[in-house]
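Notebook open, structure loaded. I'm jotting things down as I look them up.

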Amino acid sequence: RIDGDGRSRRGVLLSVGVGAAMAAVLGGTGRWLQARRTRAEDLDLPAAADPAPPLPRGLDDQVPGISPWVTPNDEFYRVDTRLDTPVVDSDGWTLTIDGDVEREVTITFDELLAMPMVERDITLTCVSNSVGGEYVGSARWLGVPLTDLLDRAGVGAGADQLLSTDFDGMTISTPLALATDGRDALVCVGMNGAPLPRAHGFPVRMVIPGLYGFISATKWLTRLTLTTYDDAEAYWTERDWATDAPIKISARIDTPRALSTVDGGRVVVGGVAWCQGAGGVGQVDVQVDGGPWRPATLGPDGGHDYWRQWYFAWDA
Ligand SMILES: Nc1nc2c(c(=O)[nH]1)N[C@H]1C(S)=C(S)[C@@H](COP(=O)(O)O)O[C@H]1N2
Ligand SMILES: [Mo]
């Protein structure tokens, strides 16, 4: 960087040269940094053995202001009990499956990557999302089916709760029956073709379609404990939140924005709707003031665990 007086400031140059450039400039120190931390963007993820079908083209270009069909990673909502973005290393990472199991299992990140991966398009949302709110997003997730991991440990007969723990001891509880009922419950390493961003759980998180994030979507996952609701309470359960929390059917109007002013004539009203666990969205209706409910035009179908775009041309 050259300052206003024309002199270059070398110290500043070093501090902005993070990562590869820093390793090159600092030599030994740089190598030490790289050995200690696997940067998310440096990881090569395996291809899915069971890939998701190509997504049909969404309505993004047709309906200005509508939510993108696939939420970009850096625009994906974030809900955490913590304020910082933890730096968890994939090199030292392990996942332990314990509790009511036939044999306790601990696997490394490389061992997880060696398991057959599946790819699924899943909409994730937070129970704290208000009507029209921001806490919902849709991505293509890459991961190992949760049941493949549980099968390695052999689930005992008494368990009814899957208690997952993050690297820092934060716990999330999931009803075992729902996590293993055939839905695409995943232990994920990838999001939209990239390793998980740190804010979204790098190196490994859970994603379970149809359950709100606070009972399913553990980020920075390190432990899965088979237990019962009588024996153990998760973070949110201690705070009196429900333990059984299926995602409710919902829709959001993205455009026009609430309280905005539009010109008379043709106004395209558009948004997204989601209905996991009940076959996906089959219809969206729109009502203007007290008028009749009229059917909106639906965007393409991304599967029953994925939201659906819709629009309605209103003659204002
Ligand atoms: N470790 C950890 N995992 C967590 C949380 C958390 O606070 N800590 N929040 C949960 C909640 S309430 C939601 S809605 C989702 C949000 O995931 P996202 O931030 O990637 O959108 O993560 C879940 N997983
Ligand atoms: Mo949440």
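I count as a nonpolar core a set of buried Ala, Val, Leu, Ile, Met, Phe, Trp, Tyr and Cys residues joined through side-chain atoms within 4.5 Å, buried being under 20% relative accessible area (1.4 Å probe, protein chains only). This is a predicted model, where local features need pLDDT of at least 70 and side-chain atom pairs count only at pLDDT 80 or more, while totals for chains, interfaces and linings use all residues. Residues are numbered from 1 along each chain as written, chains are lettered from A and ligands numbered from 1 in the order written, and side-chain values use heavy atoms, without hydrogens or water.

Cores. I looked up the largest one: it has 61 residues, and Leu-112, Trp-141, Leu-146, Leu-149 and Leu-224 touch the most other members. Beyond four places in sequence, Leu-146 has contacts (heavy atoms within 4.5 Å) that include Leu-162, Ala-185, Met-206 and Leu-224. I also found a second, separate core of 9 residues, with Val-269 and Trp-310 among them.

Ligand 1. I get 19 residues around it (a heavy atom within 4 Å), with Tyr-77, Thr-81, His-200, Arg-205 and Lys-219 coming nearest. I noted a ligand oxygen 2.8 Å from a polar backbone atom of Thr-81, and a ligand oxygen 2.5 Å from a side-chain N or O atom of Lys-219. The protein covers 99% of the 540 Å² of accessible area (Shrake-Rupley, 1.4 Å probe) that ligand 1 has on its own.

Technical notes: Buried < 20%, exposed > 50% of the residue type's maximum accessible area, 1.4 Å probe, protein only. Polar contact = N/O pair within 3.5 Å; in protein donor to acceptor, adjacent residues only side chain to side chain.
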